[in-house]
Amino acid sequence: MASLFNQVPSVSTVFALYTSLSAISMILPSFTLVIEHKWGFCDNQTFRAAEVYFKMRLAGLSTGQLLVGSSDLKNPEAEPNLGIPVNTKIVDEFEGIHLEWTLHCVELKSYPFEKRYFNLTCKKEFREKIMTDYLTYIATSAEKIMRHREKLFIYSYSREGGWQSAK
């Protein structure tokens, strides 16, 4: 009859496994892209595209937290807006490549008083594919999302009724 102590690995076996895993992680180092909110004096469109892309996908993504809010007091039944909490890891996948995003925010002592940026981390071997194909995919997806959100409202003005929707 086998006892529990015969099945537990020794300390040296656990240590050997740990060192092997550490060596593997050093062979396959990760690479981090830093995507800042500002690019010079302008908004960074890559940052904006990522923000739009994730806001639409947040409910289904692997993350431990969601930022939820609404500013529509006239419509209490309106769906809440989802946002990305600071320092929350968001896991995404692109063509089988594991990706980790984290939004960071650092307070500054002068204007603009905060610096916001995403860290996008992946295995170094996928760097080129992520910088070309994945970031293009994010930008294209964000553009489609923004186009879908756009609505055209046409109003006409009459002296009797003022501004009215042309429907």
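Helices here are DSSP runs of H or I with at least four residues, and strands are runs of E with at least two, both numbered from the N terminus. With that settled, I looked up the protein chain and found four helices and 10 strands.

**Ground rules.** I'm working with a predicted model, where local features need pLDDT of at least 70 and side-chain atom pairs count only at pLDDT 80 or more, while totals for chains, interfaces and linings use all residues. I count residues from 1 along each chain as its sequence is written, and side-chain values use heavy atoms, with hydrogens and water left out.

**Whole chain.** I read the elements from the N terminus as α-α-β-β-β-α-β-β-β-β-β-α-β-β. Of the 167 residues, 23% are buried (under 20% relative accessible area; exposed is over 50%, partly exposed in between, with a 1.4 Å probe and protein chains only). I also noted an accessible surface of about 13100 Å², with 57% of it belonging to carbon and sulfur atoms (Shrake-Rupley method, 1.4 Å probe).

**Two helices.** At what angle do the axes of α3 and α4 cross? I got roughly 65 degrees, with the axes of α3 (residues 45–57) and α4 (residues 127–149) coming within 8 Å. The axes are lines fitted to C-alpha atoms over the stretch in contact, and angles run from 0 to 180 degrees between N-to-C directions. That makes α3 roughly perpendicular to α4 (65 to 115 degrees; under 35 is roughly parallel, over 145 roughly antiparallel, the rest oblique). Residues in contact (heavy atoms within 4.5 Å) include Ala49, Tyr53 and Met56 of α3 and Tyr134, Ile138 and Ile145 of α4. By class I noted 14 nonpolar, two polar and two charged residues. Nonpolar covers Ala, Val, Leu, Ile, Met, Phe, Trp, Tyr, Cys and Pro, charged covers Asp, Glu, Lys and Arg, and the others, Gly among them, are polar.

**Leu120.** I found Leu120 in strand β8 (residues 114–123). Is Leu120 buried or exposed? Leu120 is buried, at a relative accessible area of 0%. Leaving out residues up to four places away in sequence, Leu120 touches Phe31, Leu99, Trp101 and Tyr134, among others. Its C-alpha atom is 6.8 Å from that of Thr102, 18 residues apart along the chain.

**Positive phi.** Which loop holds Asn87? I found Asn87 between β5 (81–83) and β6 (89–94), with a positive phi of about 65 degrees although it is not a glycine. Asn87 is exposed, at a relative accessible area of 54%. Glu95, in the loop between β6 and β7 (97–107), has a positive phi near 50 degrees. Glu95 is exposed, at 56%.
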